[in-house]
Amino acid sequence: MYTSIVILIVLASIFMCLIVLIQESKGGGLAADYASNNQILGAPKTTNFIEKATWGLAITMIALSVISVACLPGSGSSDSVIMQQAIEQAPTNPGNIPAMEQPAATDAPTEAPAQ
């Protein structure tokens, strides 16, 4: 399910890129080439279709993105990543006391002080 939604988002974004490339800024675009034919033949304006397609694809991409989050495959546990790391790294110094330097361990036996 998640993979199919991601594929739909990718297709919608490709179509969005193509539609934006067809458009020209400030209302020119594809309709500018056929403006006289639209007036003569009475065909509907292509700018209305392109604008509606742009809005439709934008809304579709937003809706699919929200749906994809709901269908996101889970890891099976409800614990957060921070809680898992806190459990794994058990506190070794619970009193938060600075550690004292330990003398280096040597193989030579320590001699008792003379009395």
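A disulfide is taken here as a pair of cysteine sulfur atoms within 2.5 Å. The model is predicted, and by this rule the count of disulfides comes to zero. Two cysteines may be set out by their accessibility.

| Residue | Relative accessible area | Class |
|---|---|---|
| C17 | 48% | partly exposed |
| C71 | 27% | partly exposed |

Both classes follow from the cut-offs: a residue is buried under 20% relative accessible area and exposed over 50%, so a value in between counts as partly exposed. C17, at 48%, therefore falls in the partly exposed class.

The secondary structure comprises five helices and zero strands. Along the sequence, the pattern reads α-α-α-α-α. Of the contacts in the chain with a separation of 6 or more, 69% link residues 24 or more positions apart.

The chain has 115 residues, of which buried residues make up 13%.

Which residues make up the largest nonpolar core? Six residues form it: A12, M16, I19, I50, A53 and L57. The elements giving two or more residues to this core are α1 (2-22) and α4 (46-70). Within this set, I19 illustrates the packing: leaving aside neighbours within four places in sequence, I19 is in contact with I50, A53, T54 and L57.

Terms used
Residues numbered from 1 in each chain as written. Predicted model: local features only at pLDDT ≥ 70, side-chain atom pairs only at ≥ 80, totals over all residues. Heavy atoms only, no water. Buried < 20%, exposed > 50% of the residue type's maximum accessible area, 1.4 Å probe, protein only. Helix = DSSP H or I, 4+ residues; strand = E, 2+ residues; numbered from the N terminus. Contact = heavy atoms within 4.5 Å. Core = buried A, V, L, I, M, F, W, Y, C linked by side-chain atoms within 4.5 Å.
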